[in-house]
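Please walk me through this structure. I would like to start with the overall shape and then go inside.

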Amino acid sequence: MIFNSFTFLAFFAVVLALHNLPLPWRWKKINLIGASYLFYAAWNPPFVILLWMSTITDWFVARRVDVATSQWNRRGWLGASLAVNLGLLGFFKYGTFLLDNWVALLGSLGIPFTAARPDIILPVGISFYTFQTLSYTLDIYFRRARPCNSFVDFALYVTFFPQLVAGPIVRSSQFLPQCSEPRGASIPNIAWGMMLLVIGLFQKVVVADGLLAPTVEWVYDGSWSPDTWSAWCGTLAFAGQILCDFSGYSSCAIGVAMCLGFRIPDNFRAPYAAIGFADFWRRWHISLSSWLRDYLYIPLGGNRRGARRTHVNLMLTMLIGGLWHGASWTFVFWGGLHGLYLVAERILRRVFASRVGPVGPPMRFVLMIVTFVLVCFTWVFFRAKTFENSFVVFAAMLGTTLDNARPLISTLNSWIVLLTVAAIVASHWLLRDTSLEQIVERLPWWLTALAIALMTMFIFTMPGEDRAFIYFQF
Amino acid sequence: MPSYTSSSDRIPSIPHGRIWPLALAMVVLAVVGVEVFWRMQGHRASMTDDPTWWAMHRQAVSQEDVVVVIGASRTQLGISSSVFHLRFPKRPLLRLEIAGKGSFELLQDLAEDESFQGLIICSVAPSGDVGRSTMSEYLDVSRNRISLDRRVNRAASAWLQDKLVFLSAEVGSLAVIRHVIDTGRLPFPRYIATHYDRSRSADFTLWRGPDSPEIRQRRVLRWAQKWGISDVRAWAKRTSQVEPLVRRIQQRGGNVVFLAMPITDAFLTMNERVYPKAKYWNRFAAETNGVPVHYLDVPAMRDLNCPDSSHLDERDSPRFTRALLDELNRRGVIKNVERQGKSG
C-alpha cells in the first residue's frame with residue numbers, strides 16, 4: 001500500500017478511528033500490528049511470513065544473547081540472527097545477482113556454465129526491516145540495550161506500518177519506550193502530522209513525479225544518447241527526484257506516525273545544503289548512514305586505528321552501503337565514489353585545516369555548490385541501469401558525447417528542471433540552520449493554510465503515471 | 001541539529017484550529033470552482049487509461065456469457081457500451097481495445113486462455129494487423145498478479161476520473177501550466193473522452209486539429225507507410241495463423257466475430273488502393289470459421305460518416321452499435337432477447 005493512494009486514505013481513516021477508541025493500550029497496539037500486517041499484505045500476502053520470521057527470530061535470539069554467559073554463546077546466537085536476517089535478504093535481494101556473477105566468473109575462467117534464472121520476487125522493504133530488526137539484536141549484543149519484555153511491543157516495533165517499507169530505519173531505543181505508555185494523538189499532533197503528510201505527498205506526487213520524473217526518463221531510459229545539456233538536465237532532475245521521492249516518503253511516514261501519537265526520527269536535513277561529504281551523510285538518509293556508522297564503521301574500528309585503516313573502513317562502509325541499495329555493481333560503484341569523496345575530504349581537511357581558518361558565507365556557499373555538483377555525478381551511477389548507460393551520461397556531462405547524441409529535453413522542460421532544482425537547493429540553503437517547524441511558526445497562519453490548500457489541490461490534480469516510491473525497491 | 005522535513009520531537013506552536021478549517025474550505029471551494037470552470041469551458045470528464053487498468057479488464061474474461069471487444073481506436077470510438085448494455089443488461093462487456101495496436105496478438109492470448117468461453121468482437125484492418133507494434137507491455141501486466149490494493153485504488157481513481165472533469169489529464173494542474181506557457185492560452189476541450197469501461201467517445205465538433213482534404217490525404221499516406229504492408233501474401237499468412245485460434249475458441253463454446261469498422265473519404269480511397277476489399281477482406285471472409293462482418297456489406301452501416309475519415313462520431317456510434325447487434329442477431333451469433341425494442 002502506498003501513501004499516495006485512495007486505499008491508504010481509507011485504511012488510515014479506519015486505523016486512526018480505531019486507535020482513538022477508548023480501548024486498553026494493549027488492544028490499541030494489537031490494532032496497529034494488525035493494521036501493519038494488512039498494510040504489508042496489500043502488496044503480496046505471502047511475504048508477511050518474512051515479517052513473522054524476522055520478528056520471532058530476533059525476539060528469541062536477543063533474549064538468548066542477553067542471558068548467554070560466554071562470549072562464544074553470545075557470538076553464536078548473534079550469528080544465528082545474522083544468518084536468518086541476512087540470509088533472507090541475500091536470497092531475495094541478491095540471489096539472482098550472485099548467480100549471474102558466479103556464471104560470469106566461471107565464464108571468465110573458461111568454464112561454460114548456464115544456470116536456470118530463479119524467478120525471485122523482491123519483497124518490498126526487506127532491506128529496511130531487516131536492518132531495523134538487526135539493530136535491536138546488535139544493540140543487545142553490544143550491551144547498549146536490554147531485551148524488550150513485551151512481545152506485542154517488539155512485534156509493533158518490527159512492523160509499524162508508517163515506516164515499514166521505506167524507512168526511516170528506527171532504533172529500538174527510539175521506539176520501544178514509546179510503547180510502554182498509552183500514546184494518544186492530540187489535535188496538534190494530528191494536525192501537524194496531516195500537514196507533514198500533505199507536504200510529503202506534494203514532494204512525491206507533484207515535484208518528483210510531475211515535474212522531474214519525465215525528464216529523468218527521457219535521458220536515462222530513452223533509446224537516444226543525450227547531448228551535454230540533456231545529460232545535465234536529466235541528472236539534475238534525478239537529484240531532485242530522488243530527494244523529493246524519498247524525503248517525501250519520510251515526511252509522510254513521520255506525519256502518519258505522529259497522527260498515531262508516535263515519534264520517529266528525521267531522515268533528511270537539507271542534504272543539498274551540505275558542505276562536504278561527511279556533512280552530506282549526516283543529512284541524507286540519516287537513519288541508514290547512522291546505522292552503517294554504528295553497526296559497521298565503528299565495529300570495523302572507525303577512525304581509531306590510524307588514517308590508512310580509517311580510509312579502508314570508510315570505503316568498506318560505503319561500498320556495502322551502495323550494495324544495500326540494490327543488487328547491481330552500479331550501486332556498489334556509487335557507494336565507492338562516495339567512499340572516495342569521504343576519504344579525499346578527510347585528507348584535504350588534514351592538509352588544509354591548519355593553514356586555512358574558518359571560511360565565510362560566500363566560500364561556504366561555493367563549497368556547498370561544489371558538494372552538490374559532485375553528488376550529482378554520483379547519481380548518474382545510481383540511476384543508470386547499466387555501466388554503459390552510466391558512462392554515456394557521465395561522459396556527456398563532461399562534454400564528450402556519442403555520435404547519436406541529440407538534445408532530448410525541450411527548452412520548457414529544461415527551465416522546469418533548472419527552476420525546480422534551484423528552488424530545492426535554495427530552500428535547503430535557507431533551511432540549513434533552521435527547521436521547517438520554525439519556518440512555519442514565523443509564517444502568518446493564513447499563509448500556512450493557503451500553502452496547505454494549494455499543495456492539496458496540486459496533489460489532487462496530478463493525473464500522472466502511477467509511479468511507486470523509488471526506495472520501495474531497496 | 002535542526003530538521004528539514006520535520007523535527008518529530010516538537011510540534012510548532014501555530015493555530016491548528018484555524019489553519020485546517022481554512023485550508024479545507026479553500027480546497028473545497030477550489031475543487032468546486034475548478035470543476036465548474038472547466039465544464040463551462042466545454043471540457044468533459046475523461047479517465048486516464050493505462051496497462052494496469054487494461055489488465056484488470058483482461059483478467060475478467062472468464063465471466064459467463066462475456067462479450068469481449070478487441071481492436072484499436074475505431075472500435076473504441078465506434079461501439080457504444082451503453083447501447084450494448086441497454087440491449088443486454090445482464091451480459092458482461094469487456095472493452096480490451098488498445099489504440100494503435102492490432103487485434104491478432106490479443107486474439108491469440110484469449111484463445112490460449114482456457115477460462116475464456118465467450119464471444120469476441122475482433123476488429124480487423126489489414127493496415128493494423130500486420131507489422132503493428134506489439135502488445136507485450138499490456139500482456140505482461142495482465143499475466144502478473146495485480147494486488148487487491150492496486151485494483152481497488154485503480155478502480156477508485158478511474159471512477160472519479162470518469163465523473164470529475166478536473167481530474168482529467170489535459171486539465172491537470174501542471175499540464176495546464178505547461179500548456180499556458182507553451183501556447184499562451186488555456187487548453188481547448190478534447191474531442192475524445194475515455195470512459196470507465198475503457199470505451200471512448202469522440203465529439204468531432206470539438207475537433208480543432210488542422211483539417212482539409214489534403215491534410216487527410218497526407219495523414220492517410222503516413223498511416224499506410226507506417227503500418228501498411230501491401231503484400232496480400234503476408235496478409236494471407238497472418239490470417240491463416242488466426243484460424244486455429246478461432247477453432248480453439250469455438251471448441252470451448254465461444255465464437256469470434258471479425259469486424260471491419262467504417263472508414264470513409266480519403267482513408268477509404270487509400271485503403272481500397274492499398275488493401276482492396278476484394279483481395280483482402282473477401283478472401284479472408286470466405287476462409288474464416290469466424291463470423292465476418294464488413295460495414296460495406298451491412299446497409300445500416302454503409303452510409304455512416306467518419307469525420308476524420310477513420311473514426312465514428314459519438315452521435316453515430318449508437319446507430320452503428322445497434323446495426324452491429326442486429327446483424328449479429330440476424331446471423332445467430334447473439335440473441336436479442338432482452339429489451340430489444342427499447343434500444344432498437
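The model is a predicted one. In chain A, the secondary structure consists of 18 helices and 2 strands. The C-alpha trace of this chain extends about 65 × 65 × 55 Å along its principal axes. A compact globule of 474 residues would have a radius of gyration near 23 Å, and the 23 Å of chain A therefore agrees with that expectation. Of the 474 residues in chain A, 46% are buried. Contacts also reach across the sequence: among those between residues at least 6 apart, 76% join residues at least 24 apart.

Beyond its neighbours within four places in sequence, Val393(A) touches several residues, among them Val219(A), Tyr220(A), Pro226(A) and Val380(A), by the contact criterion used here.

One helix can be followed in detail. Helix α13 of chain A covers residues 329–352; at 1.5 Å a residue its 24 residues should span 34 Å, and because its end C-alpha atoms are 34 Å apart, the two values agree. Its buried residues include Thr330(A), Trp334(A), His338(A) and Leu342(A). What covers the buried residues of α13(A) includes four helices of chain A: α10 (277–283), α12 (307–325), α14 (361–383) and α15 (387–397).

Terms used: Residues are numbered from 1 along each chain as its sequence is written. Chains are lettered from A and ligands numbered from 1 in the order in which they are written. This is a predicted model: local features need pLDDT of at least 70, side-chain atom pairs count only at pLDDT 80 or more; totals for chains, interfaces and linings use all residues. The expected span of a helix is 1.5 Å times one less than its number of residues. A residue is buried if 20 or more other C-beta atoms lie within 10 Å of its own, exposed if 12 or fewer, and partly exposed in between; C-beta atoms are placed from the backbone. Two residues are in contact if their C-beta atoms, placed from the backbone, lie within 7 Å. The radius of gyration is taken over C-alpha atoms; the globule rule is 2.2 Å times the number of residues to the power 0.38.
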